[in-house]
Amino acid sequence: MRTNPTRTLGADVARRTALAAQGFAEPRPAGPVTRRHLQRTLARTRLLQLDSVNVAVRAHYMPLFSRLGPYGKDLVDAAAWSHSARRPRLLVEYWAHEASLLPVEDWPLLQSGAKRPGWWRNYAHLAERRPGLVEDVLAAVKELGPVGAGTLEDVLGAELPRPPGVSWWERSEVKRICEYLFGLGALTTGTRVNFRRLYDLPERVLPPEVLARHPMDRHEAARGLIRRSASALGVGTLSDLRDYYRLGPEDTRQAVAELVEAGELEPVTVRGWTQPAYRDPAAKVPRRVEGRALLCPFDPLIWERDRTMRIFGFRYRVEIYVPEPKREYGYYVFPFLLDGELVARVDLKADRAAGVLRVQGAFAEPGVDGARVPAELAAELRVMAKWLELDGVVAGERGDLAGPLAVELR
């Protein structure tokens, strides 16, 4: 291990480093957003988290809008769920931070065993008890794929014998086996229709050169994933580096130690942080960060809540599972980033029937500019509404920012 003196970074330097690493230190494109812009953004964020909540916009679309501004969502759909010789597939689905879209070339890294086993391991006992069902699912996907779990349930449910007294609904074992095989990497997503996953075999989805790298050495893969975490974070604690891909603790510690020894990670101290940190030596530190962005709850800049508090002094919790009377800010709350600071939060809903983006609550952070923040927030909400093909923005009455925002939206 190197013994050079550890450099100390100020909290503001760490914040600007993190923002630059995530792509917020550059202006949005002046013209149409292209596949090249998508690739440049993914080179920073490394992945896009998937989530089924669609109250405003699905989670995997929003981080690109936050960084690039309005773009055609079919750009992501084509990159993730279709392939042609002219426009090859760029992304594949797998469990990374959570369920995510990630570059196809990263798939072997996550299949190496460096990543912590996910919730699908709970279905291992079913696979052991029903090996024939596992074989039948794989055979059916090979014959029919890309195919949804519902279709597989219909096909296999009609063919597989059921013991007396077993209900028709217990065919959901097929879905559990599909998810188990997806977690193992024996199945992946061939495409999606209305966000419904259609399973397929990896050899029909991933390029041969990617498949040829599997299986991959676990420790080599851990180093590769920690490099990607460090690049995406700019600077972070051991916990931050581990959390980006949800790696195992021992693999993380060993990978970090080896990367420090090789000079690929720099140990640093950040003022105000209680844990040691590590900086990507290639990380940029802009003199200032300008611009604005709305961030969905699953944006990689803020998805780790303790890190969000450390970097921005911004306490953030997702209240989807909190009973409505107990929610502090709302169901699906977007923090508002302005010139490198989180200055407000808004509870948003795309009311597609009425054709408007509803601001169900708007809250300012203490000490923010009471005139500028509502004006900038109103402008960004209008841009978002237009991107979502809605006619306008309607502000509600909840929150201390609701009144000023309503005035700006008139």
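Predicted model: local features only at pLDDT ≥ 70, side-chain atom pairs only at ≥ 80, totals over all residues.
Local features were taken only at pLDDT of at least 70 and side-chain atom pairs only at pLDDT 80 or more, while totals for chains, interfaces and linings use all residues. Residues are numbered from 1 along each chain as its sequence is written, and side-chain values use heavy atoms, with hydrogens and water left out.

Helices (H or I, at least four residues) and strands (E, at least two) are DSSP runs, numbered from the N terminus. An open sheet is formed by 3 strands in the order 2-4-3, with antiparallel pairing; two strands pair if DSSP finds at least two bridges between them. Strand 2 (48-49) and strand 3 (91-95) each have a single partner strand and stand at the edges, so one side of each is left without a neighbour in the sheet. The antiparallel pairing of strand 2 with strand 4 (residues 99-103) runs over 2 bridges, and Gln49 stands opposite Ser100 in strand 4.

Helix 7 (residues 131-144) has 14 residues and reaches 20 Å from its first C-alpha to its last, close to the 20 Å expected at 1.5 Å a residue; the expected span is 1.5 Å times one less than the number of residues. Burial was assigned from relative accessible area (buried under 20%, exposed over 50%, partly exposed in between; 1.4 Å probe, protein chains only). In helix 7 the buried residues are Leu133, Val134, Val137, Ala140 and Val141. They cover an arc of only 135° around the axis, which puts them on the same side of helix 7; the arc is that of the directions from the helix axis to the C-beta atoms. Exposed residues Glu135, Lys142 and Glu143 are carried on the face turned away from the buried side of helix 7.

For helix 15 (residues 372-387), the 16 residues should span 22 Å at 1.5 Å a residue, and the end C-alpha atoms are 23 Å apart, which agrees. Buried residues of helix 15 include Val373, Leu377, Leu381, Met384 and Trp387.

Arg345 is placed in strand 12 (residues 341-351) and is buried, with a relative accessible area of 3%. Its side chain makes a polar contact with the side chain of Glu365 (2.8 Å). A polar contact is a pair of N or O atoms within 3.5 Å; within protein, one must be able to donate a hydrogen and the other to accept it, and residues adjacent in sequence count only if both atoms are side-chain atoms.

A salt bridge was defined as a side-chain nitrogen of Lys or Arg within 4 Å of a carboxyl oxygen of Asp or Glu, and the count by this rule comes to 33. One of these joins the side chains of Arg223 and Glu258 (2.7 Å, N to O). Arg223 lies in helix 11 (residues 218-233) and Glu258 in helix 13 (residues 249-261), so the pair ties together parts that are 35 residues apart in sequence. Arg223 is partly exposed at 22% relative accessible area, and Glu258 is partly exposed at 30%. A further salt bridge links the side chains of Glu250 and Arg253 (2.4 Å, N to O), which are 3 residues apart in helix 13 and separated by about one helical turn.
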